[in-house]
Amino acid sequence: MSATLTAQVPSAVLSVPAADPVHAAAHYAARLAFEADVSDVRADLLAGVSGVVVVDSRSDASWDQGRIPGALHIPTARITELAPSLIAPGTTVVTYCWGPGCNGATRAALAFARLGYQVKEMIGGFEYWVREGFAFETAEGVDQRRIDDLTAPRSGISCAC
């Protein structure tokens with residue numbers, strides 16, 4: 001008769017224990033203070049919320065290829081020069097660049113913070129704006145693509161997360 005030994009399977013998730021709830025809450029609250037998602041940015045733009053300006057930090061060629069309607073174009077290298085004359089103090093700036101594989105929005109956010117602006121980075125960038133089916137402007141006019149159902153509900157209704 002052989003005894004069956006139950007081996008404990010190690011957890012990849014728990015190989016580093018989860019943070020205690022107090023530290024976890026502080027971490028996630030801090031992330032939300034630094035980031036906004038494309039759906040929330042769109043909602044504010046559509047509602048005409050005052051005190052928020054969306055800044056596209058990409059090159060002129062990228063801007064012409066496609067941009068968020070209502071965004072202000074200030075390439076990162078020109079933020080220090082142009083922002084004080086274009087954006088009022090006390091305005092919260094939301095930066096975006098191409099997408100998650102690009103840290104241009106992070107660099108732009110840093111430049112705005114160094115100038116004394118409150119700033120958030122739009123996670124997902126222009127890529128996720130387009131993938132979620134939101135209208136965008138190009139040098140030729142307004143365009144829109146089909147919703148990528150890996151990023152947003154096919155119905156176009158907010159995911160309500």
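Select Cys-102, which is partly exposed, with a relative accessible area of 28%. The model on screen is a predicted one.

The cysteine sulfur nearest to that of Cys-102 belongs to Cys-97, 3.2 Å away, and Cys-102 is in no disulfide. Cys-97 is in no disulfide either, its nearest cysteine sulfur being that of Cys-102. Why is this pair not counted? A disulfide is a covalent bond between the sulfur atoms of two cysteines. Here a pair of cysteine sulfurs has to lie within 2.5 Å to count, and these two are 3.2 Å apart. The structure has zero disulfides by this rule.

Stay on Cys-97 and look at its surroundings. Cys-97 is buried, because its relative accessibility is 8%. Among the residues that touch Cys-97 is Arg-58.

Select Arg-58 now. Arg-58 sits in the loop that runs between strand β2 (52-56) and helix α3 (60-65). Is Arg-58 buried or exposed? With a relative accessibility of 2%, Arg-58 is buried. Display its neighbours: leaving aside residues up to four places away in sequence, Arg-58 touches Trp-63, Gly-66, Arg-67, His-73, Pro-75, Tyr-96, Cys-97, Trp-98 and Phe-126.

Finish at helix α1, residues 21-34. Its 14 residues span 20 Å from first C-alpha to last, close to the expected 20 Å. At the N-terminal end, select Asp-20, the cap of α1: one of its side-chain oxygens is 3.1 Å from the backbone nitrogen of Val-22.

Definitions and conventions. Residues are numbered from 1 along each chain as its sequence is written. This is a predicted model: local features need pLDDT of at least 70, side-chain atom pairs count only at pLDDT 80 or more; totals for chains, interfaces and linings use all residues. Side-chain values use heavy atoms; hydrogens and water are left out. Buried means under 20% relative accessible area, exposed over 50%, partly exposed in between (1.4 Å probe, protein chains only). Helices (H or I, at least four residues) and strands (E, at least two) are DSSP runs, numbered from the N terminus. The expected span of a helix is 1.5 Å times one less than its number of residues. A polar contact is a pair of N or O atoms within 3.5 Å; within protein, one must be able to donate a hydrogen and the other to accept it, and residues adjacent in sequence count only if both atoms are side-chain atoms. Contact means heavy atoms within 4.5 Å.
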